Amino acid sequence: MAKRLIYVDNAATTAMNDVAIAAMSPYLKEVYGNPSSLHSVGQAAKEALDGARAKIAACLNCEPKEIYFTSGGSEADNQAIRSAAVNGAKKGKKHIVTTAFEHHAVLHTLKKLEKEGFEVTYLDVHADGVVSVDEVAAAIRPDTALVTVMYANNEIGTIQPIKEIGGLCRGRGVVFHTDAVQAVGHIPVDVKADNIDMLSVSAHKFHGPKGVGVLFCRRGVPLNTFIDGGMQERGRRAGTENIAGAAAMAAALEYACENMQKNSAKQLALRNKLIEGLLKIPHSRLNGAFEGRLPNNVNISFEGTEGESLLLLLDAKGICASSGSACTTASLEPSHVLLALGLPHEIAHGSLRLTLSEENTEEDIEYIINAVAEVVKTVRGISSFWDDLQSGKIKHFI
Amino acid sequence: MALYSEKVMDHFTNPRNVGVIEDADGVGEVGNARCGDIMKIYLKISNGIIEDVKFKTFGCGSAIASSSMATEMIKGKPLCEALELTNKAVAEALDGLPAHKMHCSVLAEEAIRSAIKNYYDKNGIEYDKSQFPEPHGEEEEQHFEEE
């Protein structure tokens, strides 16, 4: 059998599409200027940058001048949070509200701020992986400088009540930031309707290039520099602009938004079929709520297995996926997201994340279901832990 | 895959000596499910020689490969030689393990020791206690996400 390759790790990164590659290539060769230069070559680059900014602004429903290009989602998160914290502290506000299952770009920034004297409240995300608006409301204090809650979770795909949290923050005069890296280009995101003050986006999650993203910062919300230097990005982000990246990001986002309905319906049908097929494997569970979940996200734990073993065996069958197991990282702790759902460590170790794109087919899904069933059986066959579960020495959790 | 050597992948995808010995003379189990690694080793011993060895492991690719390689290295060997097997020797036989996976080879060494100790204890055989240090607490290997 010819080896096939099925890429289902699109939450990690996506392949660039033809639209993005085509949009990028003129700025690698012909239009190579520095937008800060006065001459025609530089001004052509500036025009391209302005065009990309306008396109992205239109997709998010904001003004072009509210868009700041960054190196990606992590930088946007760092800049937004640090800026809101520092500006809050100037008014004596040194409290921040977030959730326990944010991306590390958010969590590690907050950990640093804690060391610098800020106080952070980490809200529970409950068994279904959704933060409660009432709990956000209860956590906000007079000295709260910032609420930061991700739009949709990167591991389990659960979509958060962003519009309601945004409305709440607006009413209480608290800056609201959302890491929308997994949401933008996949589900409708409208910064006005969603009452968002700051929002982070990354291009490579919707078939754009790596190394470019944007931070949306609503007019009137103060934004400090994170990278100091020249006056690029209206003095908010120094460094010669990544014109090719910006152009490709804008083209990819525009394409993603134009085709969202069609692509999301297709992925949703495939996703549901995949979930249904995989849950037929005994002692398996879907992590995160089924309802209100990104159309491309599947995250399932198989009791008695360890995720890295599953990934290696699936890779040998041509399937590229990921896991919340500790063994897939340099640390011995499994995914903080799965632990935040209240799952025991051993269930988190045995998790598999499959994130689809519009490129996946019905045949892919059938192939994956069969392959996963096979490798789960193999891994359980070697597992002493599975023996103990089967003999009743240890009680099944699932 | 670049993460592991071909040898690790070979022993992981085609592990040797997988199974259970129902009437084993010595059984050793180390690790725990919380840390994502449990290794269980079964020994059949006669006249001080390891006649047969089987293992069952819950864990990552390198844990399974380490179990497979370690059982191959002690099969047919006298107990005194098996006791000399070090985690380094297991890792070397696998053409190396990534630094953060070395604890998997440690588990293999400890599982074998624990199975031999179990055999000695069951049969009232005297032994030098210093040969059997307490297995590593996995806790000390933990390195959390501190910068």
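Colleague: If a nonpolar core is a set of buried Ala, Val, Leu, Ile, Met, Phe, Trp, Tyr and Cys residues joined through C-beta atoms within 7 Å, which residues have the most contacts inside the largest one here?

Modeller: This is a predicted model, where local features need pLDDT of at least 70, side-chain atom pairs count only at 80 or more, and totals for chains, interfaces and linings use all residues. Residues are numbered from 1 along each chain as its sequence is written, with chains lettered from A and ligands numbered from 1 in the order written. The largest core has 86 residues, and F216(A), A247(A), A248(A), M249(A) and A252(A) have the most contacts inside it; buried takes 20 or more other C-beta atoms within 10 Å of a residue's own, C-beta atoms being placed from the backbone.

Colleague: New topic: in what order do the strands of the open sheet run?

Modeller: The order is β9-β10-β12 in chain A, with antiparallel pairing; strands are DSSP E runs of at least two residues, and two of them pair if DSSP finds at least two bridges.

Colleague: Which strands stand at the edges?

Modeller: β9 (284-286) and β12 (351-355) of chain A do, each with a single partner strand, so one side of each has no neighbour in the sheet. β9(A) pairs with β10(A), residues 297-302, over 3 bridges.

Colleague: And what is the bridge partner of S284(A) in β10(A)?

Modeller: That partner is F302(A), a residue that also belongs to the second core.

Conventions:
Core = buried A, V, L, I, M, F, W, Y, C linked by C-beta atoms within 7 Å. Buried ≥ 20, exposed ≤ 12 C-beta atoms within 10 Å, placed from the backbone. Helix = DSSP H or I, 4+ residues; strand = E, 2+ residues; numbered from the N terminus.
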